Amino acid sequence: MEDLEGKSVGVIFGCLLSQLTTSDGMGKHLQTAHESIHSSFNNLPGALQQREKWSSKSKRSALWERAHERNAKRLLNLIVELEGLWVKLGQYLSTRADVLPEAYINLLKQLQDSLPPRPLKEICRTIEKELGKSVGDLFSSFVDTPLATASIAQVHCATLRSGQDVVVKIQHEGIKAVILEDLKNAKSIVDWIAWAEPQYDFNPMIDEWCKEAPKELDFNIEAENTRKVSSNLGCKNKNNVMSENQVDVLIPEVIQSTEKVLILEYMDGIRLNDSESLKAFGIDKQKLVEEITRAYAHQIYIDGFFNGDPHPGNFLVSKEPPHRPILLDFGLTKSLSSSMKQALAKMFLASAEGDHVALLSALSEMGLRLRLDLPDQAMEVTTVFFRSSTPASEALENMKSLSEHRTKNMKIIQEKMKLNKKEVKRFNPVDAFPGDIVIFTRVLNLLRGLSSIMDVRIIYLDIMRPFAESVLQGYINKGPAVNSQWVCDTPVHSDVETKLRRFLVELGNDDKILGIQVCAYKDGEVIIDTAAGMLGRYDPRPVQPDSLFPVFSVTKGITAGMIHWLVDKGKLKLGENIANIWPEFRSNRKEVIKVHHVLTHTSGLHNALADLPRENPLLICDWDECLHRIAMSVPETEPGREQLYHYLSFGWLCGGIIEHASGKKFQEILEEAFIHPLQIEGELYIGIPPGVESRLATLTVDTDDVHKLSLYSNRPDLPSGFTSNISELVTVLPALFNTLNVRRAIIPAANGHCSARALARYYATLADGGILPPPHSSSFKPLLGSHPHLPSFPSQKTSKKQKGNKIKNVAAAPDKVNTHKQKHTDDICCSIKGRSDNRCGFSHDSGGNGSSSESTISNNGNTVGSTENGDDSPQSDTKIFSNPRIHDALLGVGEYENYGFPSGQFGLGFKIYRSKDGSLSGFGHSGMGGSTGYCDINNKFSIAVTVNKMSLGAVTGKIIQFVCSELNLHVPADYARFSESENPEEQSNAWRPLIN
């Protein structure tokens, strides 16, 4: 631990200064500086460690303290001698009480405002040259002793001839040449380090400094910056009523400026390092630092223009109550574009919410690209970045924690990329780093150091959150009434679509829609394909037709279709005992449960896994564990007796059947049965792969609807495990299903991600008895099915200057490692890439209750092989089901009536929809929150609606009713109940959630 502490500064200075002597134009004094620093920070810890062996614990502590004091003095003297940029670096280090030993902080803080002053003659010479008059002519009094002396200038008190007290900031003579030379040398150092150690490529940072630092040398720019920040923060418009995000700080008024002299209003204040005065005036340090933090949050997130140098020397505290912070020195500022401001706000809120998807999206938007898929590590690093501050006394533990984090993350990278120790040291996981966030990062670290020096704890996630939220809410609240681009500008397919878009605008203006997609087919042709709104509450990007929405139980309709596909291929029978194909399932009196019992929700396992969310919600991501628990579950009712919605167990029951009946993985069957034949690659997943995060919609809840759920907590058609927690589920599920771990898991009952156009195409195929519709409309790019189903990440770039440095190519790494973040998806590539091995054919023996046959997958992913009778005759490329009575099979009617449940809400895996007169109109499946897929088999009509603002389903119901009415089609009763009705019974029924 002492070794870590002793090297904390040595790592920084030893690395940088050891290279300074190789830069052109550096004097001999830098060679001396290098040798001194190198000796102090690299040799001393080892020597001390040897002496520690013969010392007691108390003596060891004193030994280290003396060593730190001695080296801190050496470091301070060297920085003062070197001047320029080194003083800036020293000022930065002087604030980092959260990571550096106390001795360094106590001495280096002199660099903030107590450097040796320049001669008075030099000061007077600069003033006369810049202002054209002598000091005596300009001021009635001028204090010879400076108030403060820092890296670029020093400040004197004075009184104007008018009697106004002012401060005069005078730039050091020759400092401009020193700073520019330092930047040039620093650039050379960084280039050398990047060549020698590619993982330490600081070029984006030094490039940003080279761009911004010279502006600090022009005091006219600083004067304008001061006026702008003062105006943004409302410093001249104080009133007694504070708005939510208004800050209470003071900024001196600018009196006059030139390039090298700045005259400001004098404000009498207390320095932050004057602990005795702060105590004497009764100043609340916690409140003080919180208000400073709020002021910076306002500058960053609301104004997009902020001071980049918040070290303690640039603050005072007013002596008059309420003791406001006084902000000084606006030489180094940073301006953010609107898009960068949004991305930074989104990054902050994603960290606060633990939303991996939003975080990766934010990083991408700000231009920070990673070379491999590391969502957990990206979240961890961001969380550490926005972590609460700690007192200076915890600096040692802080450093140790940060070091452990880095070691752990590097080990993960090494295992993921299969790199040896030498390779992982040279591997840089960052593919591109945006210079715009360099100053932002510096500000956050300086603020954290400030709070440590002041010995207070600042919870940045709480203080800065309202400001980050406000910048995004400003865009998200721009609904269709004020946002002409609210509806995605894609070609209109029909008059119905034109009318629908107007209807969506009405719903959007009523705040019923956040983001939505609607797609519909009629007689095999696309008649609607509309997207509107935003991807998320904190994601103001517009919804596109290829955006991916989480659709909850809509997934059940796809999973059920996979069962029917296997039956159609002769791999399974609806009347087959599940235990015959899945031996582990036989336990606990389940040997008589048949496949059709699962599809009709009559297996008696409706509450199986109901305790899983309470025990550990993330267990739903463990495919093998969930299959095992399903196999060990105990039925509550006799199979076939009662239809109770299997809200969670349905997916794993079907998943186990699919894998055991086919001998293949769940994802393989999904792709073989539907993804490839329907040509919807990249737009329908059950468990998303890495690389699609930028297209994901984020869930939120319509809070107006949540309180109504309790009215239907006793629905007889839903299992007790569901109804007892329905309100809790609706409020908790968005946060859970927004996490990347859950999105990437295979949960066949609940976590489908798809576009409405992919879902509508699936139901259009079912509506027409399995016949594929013509290719989807080509009016929007990218075309449906043109996305790569398994996206890859940028490849590792090897620096041209790396002599003999060979790092393994990681271009395909995401496909090889953790592609779906499930153990059982490693074999998917055989069906996607056309490879052939023993897993690529069916090889299941049904044990006498079913037939055995084989089928293979062609290179394009289409099935070539068996029919229901096990023949090897080629399957038509235009049809995914060969059964002419597939509609009866899906609905559980006709010759399949014995497999159905009389008068039940569900057929064989699908919700049955009827018209108001009770006649059957079609089938489909809805999900919690309102997303829906539905088809009318009599009229060859299908429609899909995907939403990210979860409600009871009224929006979806009204949309389907609207479209059906425009087409003169029967409106299913489940959707018609959402119409505006004066009938009290129908009004009450409209509050019933659309969740199955």
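Which residues in H9 are buried? In this helix, Ile175, Ile179, Asp182, Leu183, Asn185, Ala186, Ile189, Val190, Ile193, Ala194 and Ala196 are buried. Buried here means under 20% relative accessible area, exposed means over 50%, and partly exposed is in between (1.4 Å probe, protein chains only).

Before going further, a word on what you're looking at. This is a predicted model, in which local features need pLDDT of at least 70, side-chain atom pairs count only at pLDDT 80 or more, and totals for chains, interfaces and linings use all residues. Residues are numbered from 1 along each chain as its sequence is written, and side-chain values use heavy atoms, with hydrogens and water left out.

**Confidence and overall make-up**

The protein chain has a mean pLDDT of 80, with 78% of its residues at 70 or more; pLDDT is the predictor's confidence in each residue, from 0 to 100. Residues 1–45 have pLDDT below 50, and this stretch has 84 contacts in the model beyond near neighbours in sequence. The pLDDT is also below 50 over residues 794–875, a stretch with 176 contacts beyond near neighbours in sequence. A contact means heavy atoms within 4.5 Å. Where pLDDT is low, the predicted coordinates should not be read in detail.

The chain has 40 helices and 27 strands. Helices (H or I, at least four residues) and strands (E, at least two) are DSSP runs, numbered from the N terminus. Of the 996 residues in the protein chain, 59% are buried. Among contacts with a separation of 6 or more, 72% come from residues 24 or more positions apart. The protein chain exposes about 39,500 Å², and carbon and sulfur atoms supply 50% of that area; accessible areas come from the Shrake-Rupley method with a 1.4 Å probe, and for residues only the protein chains shown count as cover.

**Salt bridges**

There are 37 salt bridges in the structure, each one a side-chain nitrogen of Lys or Arg within 4 Å of a carboxyl oxygen of Asp or Glu. Three of them are set out here.

| Pair | N to O distance |
|---|---|
| Lys187 and Asp207 | 3.0 Å |
| Lys346 and Asp539 | 2.8 Å |
| Glu693 and Arg744 | 2.7 Å |

Let's start back at H9. Lys187 sits in helix H9 (residues 175–196) and Asp207 in helix H10 (residues 203–212), 20 residues apart, and the pair links distant parts of the chain. Lys187 is partly exposed at 25% relative accessibility, and Asp207 is partly exposed too, at 39%. As for H9 itself, its 22 residues reach 31 Å from first C-alpha to last, close to the 32 Å expected at 1.5 Å a residue; the expected span is 1.5 Å times one less than the number of residues.

Next, Lys346 and Asp539. Lys346 belongs to helix H14 (residues 338–353) and Asp539 to strand S16 (residues 539–542), so this pair ties together parts that are 193 residues apart in sequence. Lys346 is buried at 2% relative accessibility, and Asp539 is buried at 4%.

Then there's Glu693 in the loop between strand S18 (684–686) and strand S19 (700–701), with Arg744 in helix H33 (residues 740–744), 51 residues apart. Glu693 is buried with a relative accessible area of 6%, while Arg744 is buried at 0%.

**Strands and a buried histidine**

Asp539 turns up again in the strand pairing: Gly536 has Asp539 as its bridge partner in S16. Strand S15 (residues 525–536) and S16 run antiparallel and are joined by two bridges, and they form a hairpin with two residues between them. For strands to pair, DSSP must find at least two bridges between them.

S18 takes part in an open sheet of three strands, ordered S17-S20-S18 with antiparallel pairing. Strand S17 (549–550) and S18 are at the edges with a single partner strand each, so one side of each is left without a neighbour in the sheet. S18 is joined to strand S20 (residues 752–754) by three bridges, and the two run antiparallel. Ile686 has Gly752 as its bridge partner in S20.

Lastly, where is His356 placed? His356 is in helix H15 (residues 356–365) and is buried, with a relative accessible area of 10%. Not counting residues up to four places away in sequence, His356 touches Pro375, Asp376, Met379 and Leu740.
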